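Work through the two exercises below with the model open. Each task is followed by a stepwise solution.

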Amino acid sequence: MGDINIEYSNKFGINTFKFEIINELGDEVWQELIKDSGIPDIDTEASCKCKNMAMFMERFDEIIDKQMAIKILSRVRHGLKPSQCAWAREKFLKYNDLDVFINDSVKEGFADFEKLYYKGKDFYGQAITKEVLDFIRQNPGMLSGVRDGNKMYFTAFPANMSEYLQASDSRMKRYHACHCPFAKESILADDTVSSTLCYCSLGHIKNFWEAVFDTELDGEVVTSALNGDMLCTYVVFLPDDIMDSYVK
């Protein structure tokens, strides 16, 4: 899904949430969200088992309705912008066929992981073992969307694939699946951060495909490690004009 080509901003943090919330709902809502609670800090949330983010998201769910929450968090998207994936639009237009583009993206993505495996290199710090390679092969939604009609389904890479595959305890499997520094440690605590936060990850996926199609897209979180699921999965809805133009 283009992750290898993305350069993540080191400025991503709670201020990205703050900007999007104030932009949509104003400073009064932001002040209400942080009233009487600590402001979550990306660098220190792990040390408190994400207690501050759990409190923040509990209030977020109380104050903000679901559709607005989806809109805001989908724009947080780990600080990314579609412009960072402009190359993908150019590549896609050479295909002009969504299914062929998806199939080739899966092949290319898997070939990249095979190269890492044979060269003994890692993927963002993760060792690519034979077990990991087989796991990726069995889950093409990790490499590109799996289209079913006007829906595209995606599966997030576990944050630590080797540990994920070796874990037998469901809680530890969920823990190793989760990437989010604002939520991951809460899986091992009594109060897990609300899975509403996972719409930020949906935004991360939409970022690439909004660049590909040069249009905003809607989607949903299907499963989430924060919600008791073993993997995080998402669906993105394809508008009629995209289906008419690019599905042969």
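The model is predicted, so local features need pLDDT of at least 70 and side-chain atom pairs pLDDT 80 or more, while totals for chains, interfaces and linings use all residues. Residues are numbered from 1 along each chain as its sequence is written, and side-chain values use heavy atoms, without hydrogens and water.

**Exercise 1.** Describe the overall build of the protein.

Step 1. The protein has 11 helices and 6 strands, taken as DSSP runs (helices H or I, at least four residues; strands E, at least two) numbered from the N terminus.

Step 2. Its C-alpha trace spans about 55 × 40 × 30 Å along the principal axes.

Step 3. The radius of gyration is 18 Å, which agrees with the value near 18 Å for a compact globule of 248 residues; the rule is 2.2 Å times the number of residues to the power 0.38, over C-alpha atoms.

Step 4. Of the 248 residues, 48% are buried (under 20% relative accessible area, 1.4 Å probe, protein chains only).

**Exercise 2.** Characterise the packing of α6 against α10.

Step 1. The axes of α6 (residues 98-119) and α10 (residues 199-213) come within 13 Å and cross at roughly 135 degrees.

Step 2. L98, F101 and I102 of α6 meet W209, V212 and F213 of α10, contact meaning heavy atoms within 4.5 Å.

Step 3. These contact residues comprise 6 nonpolar, no polar and no charged.

Terms used: Axes are lines fitted to C-alpha atoms, for helices over the stretch in contact, and angles run from 0 to 180 degrees between N-to-C directions. Ala, Val, Leu, Ile, Met, Phe, Trp, Tyr, Cys and Pro count as nonpolar, Asp, Glu, Lys and Arg as charged, and the others, Gly among them, as polar. Buried means under 20% relative accessible area, exposed over 50%, partly exposed in between (1.4 Å probe, protein chains only).
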